[in-house]
Amino acid sequence: MGTPETSREPCPDRILDDIGGAFGMGAVGGSAFHFLKGVYNSPSGARIIGGTQAVRMNAPRVGGSFAVWGGLFSAFDCTMVYVRQKEDPWNSIFAGAATGGFLSMRQVPAMAGGPGFPMGLPGQPQPQPQLVQETASTSGSESGSWFGGWFGGGKKEPAASSGSKTEILETFDAPPVPNFEYK
């Protein structure tokens, strides 16, 4: 009998096996976590329903995320076995690093053009700044408080117009965030 590493399925089947196992672990763990979170965040009298709704909304997403991690790790692990022609722990180390690097590439475009990434990625269209003009009366300084009157703490005084305009350059380089609310 060999070691657990060598007694596994051959590589094409190993990838599918690991994807299924990772999805199962993520779905079961995500179900437990999101059920407790849904029960805690639901109003009294609807806690069980809130917990089951949270599981239905979130457990498949967590399972899918785990499946992506597991599939990429297995694919990189099998690639390393094929390239190096040996099965040792270094394959798993390289596969983990490659999986983390590959998944972190999804975060780079959101940061490109921001602080620390002034030029963005090569070949990527650069976001164009949009000019937003505000007058002195809409800048939020009319209430006299630092929060601009969010808490109703100040009287509104008519603002004296000095004739100057404030120009703010904004870039919208992040994609819209999807909404996963259950209706």
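The legends below describe close-up views of a predicted model. Local features are reported at pLDDT of at least 70 and side-chain atom pairs only at pLDDT 80 or more, whereas totals for chains, interfaces and linings use all residues. Residues are numbered from 1 along each chain as its sequence is written, and side-chain values use heavy atoms, with hydrogens and water left out.

**View 1. Helices α1 and α2 cross with their axes within 5 Å.** Helix α1 covers residues 11-41 and helix α2 residues 47-84, and their axes cross at roughly 155° (axes are lines fitted to C-alpha atoms, for helices over the stretch in contact, and angles run from 0 to 180 degrees between N-to-C directions; helices are DSSP runs of H or I with at least four residues, numbered from the N terminus). The two helices are therefore roughly antiparallel to each other, a term for angles over 145 degrees, while those under 35 count as roughly parallel, 65 to 115 as roughly perpendicular and the rest as oblique. The crossing of α1 past α2 is right-handed, meaning that the near helix is turned clockwise from the far one by less than a right angle. The residues of this contact comprise 19 nonpolar, 14 polar and five charged ones, where Ala, Val, Leu, Ile, Met, Phe, Trp, Tyr, Cys and Pro count as nonpolar, Asp, Glu, Lys and Arg as charged, and the others, Gly among them, as polar.

**View 2. Cys78 is a buried residue of the model.** Cys78 belongs to helix α2 and has a relative accessible area of 8% (buried means under 20%, exposed over 50% and partly exposed in between, with a 1.4 Å probe and protein chains only). Leaving aside residues up to four places away in sequence, Cys78 touches Cys11, Arg14 and Ile15, contact being heavy atoms within 4.5 Å. Between Cys78 and Ser92, which are 14 residues apart in sequence, the C-alpha to C-alpha separation is 9.3 Å.

**View 3. Helices α2 and α3 pack at an angle of about 130°.** Their axes are 8 Å apart, and the angle makes α2 oblique to α3; the crossing of α2 past α3 is right-handed. Among the residues that meet here are Val68, Trp69, Leu72 and Phe73 in α2 and Ala95, Gly96, Ala98 and Thr99 in α3. The residues of this contact divide into 13 nonpolar, four polar and two charged.

**View 4. Two aromatic pairs are found in a search of the whole structure.** Rings of Phe, Tyr and Trp (its six-membered ring) pair if their centres lie within 6.5 Å, and planes under 30 degrees apart count as stacked, over 60 as edge-to-face and the rest as tilted. Phe76 and Phe102 form an edge-to-face pair, 6.2 Å centre to centre with 65° between the planes. Because Phe76 lies in helix α2 and Phe102 in helix α3, this pair ties together parts that are 26 residues apart in sequence; Phe76 is partly exposed at 25% relative accessibility, as is Phe102 at 40%. Trp90 and Phe94 form a tilted pair, 5.9 Å centre to centre with 35° between the planes, and both lie in helix α3, four residues apart, about one turn of the helix. Trp90 counts as partly exposed at 48% relative accessibility, and Phe94 is partly exposed at 40%.

**View 5. Gln85 has a positive phi.** The phi of Gln85, a residue other than glycine, is near 60°. Gln85 lies in the loop between α2 and α3 (89-104) and is exposed, with a relative accessible area of 62%.
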